[in-house]
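Student: I have a model open and want to go through it piece by piece. Can we start with the strands and then look at the contacts?

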Amino acid sequence: MMNQTDIQNLLYLISAIGFIVGIKRLSHPKTARSGNFLASLGMLVAIIATLTSGANFDWQLIALGVGIGSILGIVIAARVEMTQMPQMVAIFNGLGGAASGFVASSEYFSGSDSSYIIMCLSVLIGTLTFSGSFIAFGKLQGFISGRAITFTGQQAINALIFTSMIALLSAHNFSLLPNDTIFYTITVLALILGIGLTIPIGGADMPVVISLLNSYSGIAAAATGFLLGNNALIISGSLVGASGLILTNIMCKGMNRSLANVIFGAVGATPTGGDSDQKGMNIKSYSTTEAAMILDAAEKIIIVPGYGLAVAQAQHVAREVADTLEAQGKKVLYAIHPVAGRMPGHMNVLLAEANVSYDLLKDLDEINPEFEDCDVALILGANDVVNPAARHDKSSPIYGMPILNVDKSRTVIINKRSMNPGFAGVQNELFGYDNSIMVFGDAKDMLNDLLKEIKEL
Amino acid sequence: MDIINLITIFILAVFVGNEIINKVPPTLHTPLMSGSNAISGIAIVGALLAITMDGELSTYLGLAALICATVNVVGGFLVTDRMLKMFKKK
């Protein structure tokens with residue numbers, strides 16, 4: 001006969017299966033929505049399993065907490081704009097860390113006989129995720145300077161905090177300090193370390209940081225699982241931890257940086273000179289009318305969107321231009337660089353919102369061979385990710401970064417507001433290539449004009 | 001539960017996670033992240049248990065955890081659904 005605990009553990013297993021199969025269904029846009037639904041059912045099963053465990057629940061308090069949390073969750077989910085998705089994920093990462101930290105502290109103050117070390121580690125990871133995420137949010141939202149904030153001895157301080165934490169945990173083993181003192185000090189140090197590890201990271205590296213903090217929030221949940229001896233928390237936490245790490249890795253590869261370099265490199269603290277002189281570059285500025293004529297003669301067109309496109313809210317008119325060209329019998333594809341947006345897959349969501357069919361969105365490996373026989377590459381707000389210097393110029397800060405080989409196209413039309421360099425602070429040699437033409441202006445205005453011109457031709 | 005059992009489950013889950021998440025295409029990486037935000041809201045289980053723990057302080061810390069985790073669960077799944085609805089093929 002199964003006892004209460006067995007039934008509960010069985011329900012947690014069902015919930016874990018819900019999460020795993022749910023994520024599995026995210027492998028294709030067609031099945032993804034049902035996967036998300038399945039995962040939410042898994043969560044419901046886990047909640048039911050907990051609430052039917054026969055513990056002495058204060059239902060009013062639970063209703064209060066779930067009520068407040070649900071209202072906040074519904075409002076955020078309904079109101080957040082797709083361009084703000086990185087900020088939202090940063091907040092959610094932080095809340096995940098906070099939740100785990102609160103659970104561990106609650107356990108600590110209840111005088112629990114759980115392992116002291118696991119309690120401290122759980123609070124440490126949760127608190128660090130919380131403070132780091134809110135700094136990341138502040139940077140993305142513009143509350144805090146997006147530039148890398150650095151000062152002398154910064155890494156020494158972080159290292160000092162880290163070693164102090166280890167020292168404190170070992171001090172516990174030898175009963176050198178009161179338990180409470182160690183617990184409070186570790187919490188405060190974790191709070192500071194979260195800030196210390198995030199402020200030196202520049203705006204361009206934010207996709208890496210959000211992915212990494214996403215991973216931390218999972219690890220925090222898993223740590224809480226160890227504390228409570230709960231499988232559901234361990235399994236879900238490690239799924240999220242793995243997911244965040246994989247995305248972190250993909251983002252690092254997209255920028256040709258190592259994780260250590262992102263965390264300790266402080267790229268973007270000062271605008272680097274690089275190759276920023278435009279001398280010797282032959283910039284050809286064209287009008288939208290001329291650009292429309294070039295597009296009219298083209299058969300295969302690849303649109304390369306950058307974050308600038310989304311900032312200008314021009315993805316809708318870009319799609320209209322693409323639709324019009326398609327209606328004229330031309331082939332139109334979109335090339336999406338892994339770091340095109342502010343977080344993994346961000347650009348795809350922004351284009352999906354503008355009703356671009358997902359089968360037209362091609363990633364780096366898929367699209368690069370396509371440029372060889374492409375008539376026009378239309379660059380909208382992308383810069384560093386199309387800089388050919390990454391392939392050959394060893395002195396360039398972006399050397400080695402995988403790029404979209406737009407320069408292989410017959411003609412490259414680049415829309416930019418001005419000649420200002422991109423995130424990496426490097427001038428783009430592509431702009432001076434023989435097959436490159438520039439169309440200056442705001443992306444939205446330019447595309448609206450272009451749309452008119454194409455329709456009139 | 002035995003710590004070795006817990007570690008076993010943890011390690012195996014990391015491997016499973018690695019397998020299935022590597023199959024998620026780049027196009028769906030943002031929904032994957034918001035969806036995993038929702039899943040990390042599993043801390044809600046810990047929060048519900050924390051509310052029942054001894055002491056007023058522990059109860060209120062549990063309540064704070066419950067609010068945070070519920071935002072993650074509700075907000076995470078809803079916003080992921082909102083995004084996935086937009087992915088259409090024409």
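Student: How many bridges join strand β1 of chain A to strand β4 of chain A, and do they run parallel or antiparallel?

Tutor: 5 bridges join β1(A), residues 300-305, to β4(A), residues 376-380, and the two run parallel. This is a predicted model, in which local features need pLDDT of at least 70 and side-chain atom pairs count only at pLDDT 80 or more, while totals for chains, interfaces and linings use all residues. Residues are numbered from 1 along each chain as its sequence is written, and chains are lettered from A and ligands numbered from 1 in the order in which they are written.

Student: What counts as a strand, and when do two strands pair?

Tutor: Strands (E, at least two residues) and helices (H or I, at least four) are DSSP runs, numbered from the N terminus. Two strands pair if DSSP finds at least two bridges between them.

Student: Which residues stand opposite each other there?

Tutor: I302(A) stands opposite A377(A) of β4(A), and V304(A) has I379(A) as its bridge partner. On to β5(A): 5 bridges join β4(A) to that strand, again parallel, and A377(A) stands opposite V412(A).

Student: What is the strand order of the open sheet?

Tutor: The order is β3-β2-β1-β4-β5-β6 in chain A, 6 strands with parallel pairing. The edge strands, each pairing on one side only, are β3 (361-363) and β6 (436-440) of chain A. The twist averages 25° from one strand to the next; axes are lines fitted to C-alpha atoms, for helices over the stretch in contact, and angles run from 0 to 180 degrees between N-to-C directions.

Student: Is β4(A) enclosed or open?

Tutor: Largely enclosed by the rest of the structure, because 5 of its 5 residues are buried. A residue is buried if 20 or more other C-beta atoms, placed from the backbone, lie within 10 Å of its own, exposed if 12 or fewer, and partly exposed in between. V376(A), L378(A) and L380(A) point one way from β4(A), and A377(A) and I379(A) the other way. In a regular strand the side chains alternate between the two faces of the sheet.

Student: Which helices lie across β4 of chain A?

Tutor: Among them are α11(A), residues 288-297, which also lies across β1, β5 and β6 of chain A at about 145° to β5(A), and α13(A), residues 315-327, which also lies across β1 and β2 of chain A at about 175° to β1(A).

Student: Switching to chain B. How many residues does the contact with chain A take?

Tutor: 77 from chain B and 92 from chain A, where two residues are in contact if their C-beta atoms, placed from the backbone, lie within 7 Å. On the chain B side, α4(B) gives the largest share, 28 residues. By class that side has 47 nonpolar, 22 polar and 8 charged residues. Here Ala, Val, Leu, Ile, Met, Phe, Trp, Tyr, Cys and Pro count as nonpolar, Asp, Glu, Lys and Arg as charged, and the others, Gly among them, as polar.

Student: And α2(B), is that covered or exposed?

Tutor: Mostly covered: 12 of its 12 residues are buried, including H29(B), P31(B) and N37(B).

Student: Last one. How is chain A divided?

Tutor: Into domain 1 (1-79), domain 2 (85-270) and domain 3 (288-456), with bounds from an automatic or database domain assignment.
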